[in-house]
Amino acid sequence: MNGISRRGLLKTGAAAGVLGLTGMPLRAQTRGGKLTVGLNGANTSDNWDGRTHADMFMIGAAMGAVFDCLTENGADGSLKGELAESWEASPDAKVWTFNLRQGVTFHNGKSFGADDVIESLQLHVAEGSKSGAQPIVSAITEMKKITEHQVQFTLASGNADFPYLMSDYHLLIYPAGQIDEAIANGIGTGLYAVAAFDPGVRFVGKRVENHYKGDSAGFFDEIEYIAINDNTARMNALLTGQVDAINRIDFKSEALLKANPAVRIQEVTGNQHYTFPMHTDTAPFNDVNVRQALKYGLNRQEMVDKILLGHGQVGNDSPIGPANQYYNADMEQLAYDPDKAKFHLQQAGLDSLTVDLSASNAAFEGAVDAAQLFQASAAASGININVVQEPADGYWSNVWLKKPFCACYWSGRATEDWMFSSAYEAGVPWNDTKWDNARFQELLLTARAELDSDKRREQYGEMQQILSTEGGALVPMFANYVQAVNNRIASPDTIGNLWQMDNCRMAERWSVA
Amino acid sequence: MDNVLKIIMQRLALGLLTLLVVSVVIFVAVNMLPGDFAQAILGQGATAESVAAIRRDLGLDQSLFTRYFDWLGGVVQGDFGTSFASANAANFSGTNSGVTTVAQQIAPRFANTMFLAAVTAVIAVPVSITLGILAALYRNSLFDRATNIFTLSSISSPEFFLAYVLILFLAVVNPIFPSLSNIYEGMAFSERLNKSMLPALVLTLVVTAHMMRMTRAAIINLLASPYIEMARLKGISPMRVIVKHALPNALAPIINVVALNLAYLITGVVVVEVVFVYPGIGQLFVDSVKLRDIPVVQACCLIFAAAYILLNLTADIMSILSNPRLRHPK
């Protein structure tokens, strides 16, 4: 049921990020009632095509309610089977066999089988498709239907994280042969069937009777997601009781929500992080001593306190966060130390250093303020940071990847390999630090095909350490996901931290109190 | 009546010309904004190649001139084009199914905005004219001063501030109306009305002062004329003097100001719709500007401009019809 494959591959709990809360839900959850949620990130062009999904509203409605993937991420960070019951890998992690769940039906009555999986995944590599999951699916060289309920994937090269990648929210399973219809009307195998969908306005789902997840999930009879892109309007809707929960609290007005006894705030630290990438192939950043001087000239705690107003955790210049499996919590924390910064500057043969730092609030909310804090804290060590305020429009095409030192954010990735191969593998397009380190590269390739969990932990731990001491990205902080829920609604003690709103699965895991 | 018809035709022709000029201004202005749709939709993923690919797909690499006339050619035939966001979504999936045209996107939103405007007009027009008449009747009294202060302060406050004040008093402290106006198709009329009440009240507060003050001023202006004095000398009650004798002659300026304010109810709802999450054309407009979705922005602007032109035309015609001297020129 849990789909933990052999050698204890995925037997690693990663609940570290859940602030002060552990354990599984104890109280009995009751069926019935309605959940109304106000969410941002909705658009008039929204639709049920997983390839286009990128924001909270549609991820929550599609992956979180109407559709299922092969695997899913549990709230505690473990990987569970969703439409797949179990899976097995060949020793080189190149051939993966998935056993599919039997007796599952789509909302239109069609029964689920191997063809549905193959046809749904092929959508992402279709001619002209620009799916966000295209790199995942194009790494599969062959998809073979073995029986009606067994599929075999052959990968171009070994990847121990493959079952994790199958939980990606783009990779929704549609009924084979009826995919156009399923995309037009939203026909999946999820706990809730579409009752009404008005793009950019609202989505209503009705609980499917006799669902394969049984009574262990999907406790509401009906769910309604209302698109509220405006922060203040979302908060008003919660305070006046018109919605039961909202995502993305504005930190500045959080105190008002806290003062309301009917509402509670959920806060988890996930993988979302803010960075200042330096081009490690450009002077002066090509000198590791200059990079280290900047690392010690940065007051991380001050940024968490003043930019995130305490809603976050200090970063350690590695992109791997508490929601990742192999998060290295034992690394020595980089701290503000003007003397050490001065020392490294001298090691680089410099008395003082002047650099331009490009920033705009398009990078993250408060990026310009963060750059100015950095300017002030680094000045004590003779580092002059000249903050260049860039226009928000066109920031990602004109500044990021172009200017040698700028502000940036990453929402993080579910696995270490995914994160590293997006932004730290030599030569990849989004390598925003132009990072090319022989040892790091070697470890990246070995760890990718390594099935032994302990070995991987060691390898990924070392990679994080390399980035922390020598890497080109300053990662001052991990920003929390903060959301608010009315006490009318009960939620489990452990809240998922991979995405906001309990990994977007509030319709599945929450219930009426 | 031929005269009136001729004026209508003239004004319609001028209106079309104005629309054409507006469309040029909007097209140039939107294109002068930094960044474009490709950059807006890609966010962090806006690398040079992907931006170029999307621009090519949407025809954004063509010259401004070509794009404008392509678009204009479509509009003349009633085709407002496909929204960039929708075209791009289809592009992602590599199929053409599910592409919605701008007209399909705007139609339900426009209907919602018209509904809100209608509800507001039904409340605001009678209230402000009545208040104006009463203020003229009891001019310089405490009532007159209080009405003036109240309406002038409500028109002087920013709309979002009025909206939050009303939310505080009518939704949070006394939960009478919902603060969320998420109406949708198939909603019962009564519920729709209930949900639209707060935005309608905010808009009422915004437009009342203008109409009420104009009514008051127009009537007071007439009260000095000899025929009103005559009526008073006949011993008619002050109320009757105003309603029967002064009001009909004050109609022209009142109709003008009412029409202007009705146009505002269609074009000025952007802030109110965003605050109350009302799915009208204003919200669509804001989203489209953020995304640089030029076809939708253009179509919205044309609708706004057309609303102004048509309502002004109506105002002119109504004031001609209400004035015998204009109706029967020598």
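Student: Is Lys402(A) buried, exposed or partly exposed?

Tutor: Count neighbours. A residue is buried if 20 or more other C-beta atoms lie within 10 Å of its own, and exposed if 12 or fewer. Lys402(A) has 13 other C-beta atoms within 10 Å, so it is partly exposed. This is a predicted model, so the count comes from predicted coordinates.

Student: Where does Lys402(A) lie in chain A?

Tutor: In the loop between α12 (395–398) and β16 (408–410) of chain A. Lys402(A) and Ala359(A) are 43 residues apart along the chain, and their C-alpha atoms are separated by 12 Å.

Student: What confidence does the model carry?

Tutor: The scores are ipTM 0.81 and pTM 0.84. Then go chain by chain. Chain A averages a pLDDT of 88, with 94% of the residues at 70 or above. Chain B averages 84, and 90% of its residues score at least 70.

Student: Which residues of chain A stay under 50 in pLDDT?

Tutor: Take the general rule. Where pLDDT is low, the predicted coordinates should not be read in detail. In chain A, pLDDT stays under 50 over residues 1–26. The model has 64 contacts beyond four places in sequence for that stretch. In chain B, residues 93–97 stay under 50, with twelve such contacts.

Student: How do I read a helix that has a buried side? Which residues of α10(A) are buried?

Tutor: Start with the geometry. An α-helix has 3.6 residues a turn, so residues three or four places apart point the same way. Helix α10 spans residues 338–347 of chain A, and its buried residues are Ala341(A), Lys342(A), His344(A) and Leu345(A).

Student: What do the buried residues of α10(A) pack against?

Tutor: Three elements of chain A: α8 (288–296), β14 (353–359) and β15 (383–389). After α10(A) comes Gly349(A), with a positive phi near 80 degrees.

Student: Which residues other than glycine have a positive phi?

Tutor: First the background. Most residues other than glycine have a negative phi, and most peptide bonds are trans. Asp317(A) is one case, with a positive phi of about 60 degrees. Asp317(A) lies in the loop between β13 (312–314) and α10 of chain A. It has 23 C-beta neighbours inside 10 Å, so it counts as buried. Asp502(A) is another case, with phi near 55 degrees. Asp502(A) sits in helix α16 (residues 500–504) of chain A. Asp502(A) is buried too, with 27 other C-beta atoms within 10 Å.

Student: Which peptide bond is cis?

Tutor: The one from Ala283(A) to Pro284(A), with omega near 0 degrees. Pro284(A) lies in the loop between β12 (263–277) and α8 of chain A.

Student: What is Asn229(A) in contact with, beyond its neighbours within four places in sequence?

Tutor: Asn40(A) and Ala42(A). Asn229(A) and Asn40(A) are 189 residues apart along the chain, yet their C-alpha atoms are separated by 4.2 Å. Asn229(A) lies in the loop between β10 (222–227) and α6 (231–239) of chain A.

Student: How many residues does the largest nonpolar core have?

Tutor: 165 residues. Those with the most contacts inside it are Ala62(A), Val202(B), Phe276(B) and Cys300(B). Apart from this core lies another, of 60 residues, including Leu345(A) and Phe405(A). Leu345(A) is also one of the buried residues of α10.

Student: How is chain A divided into domains?

Tutor: Domain 1 takes 6–17 + 31–224 + 481–512, and domain 2 takes 273–479. Their centres are 32 Å apart, taken over C-alpha atoms. At the contact, 22 residues of domain 1 of chain A meet 18 residues of domain 2 of chain A. By class, the domain 1 side has nine nonpolar, nine polar and four charged residues.

Student: And which domains does chain B have?

Tutor: Domain 1 (1–100 + 292–330) and domain 2 (108–289). Their contact takes 16 residues from domain 1 of chain B and 15 residues from domain 2 of chain B. The domain 1 side has ten nonpolar, five polar and one charged residues. Chain B has 15 helices and zero strands.

Note on methods: Residues numbered from 1 in each chain as written. Chains lettered and ligands numbered in written order. Predicted model: local features only at pLDDT ≥ 70, side-chain atom pairs only at ≥ 80, totals over all residues. Core = buried A, V, L, I, M, F, W, Y, C linked by C-beta atoms within 7 Å. Domains from an automatic or database assignment. Contact = placed C-beta atoms within 7 Å. Nonpolar A, V, L, I, M, F, W, Y, C, P; charged D, E, K, R; others polar. Helix = DSSP H or I, 4+ residues; strand = E, 2+ residues; numbered from the N terminus. pLDDT = per-residue confidence, 0-100.
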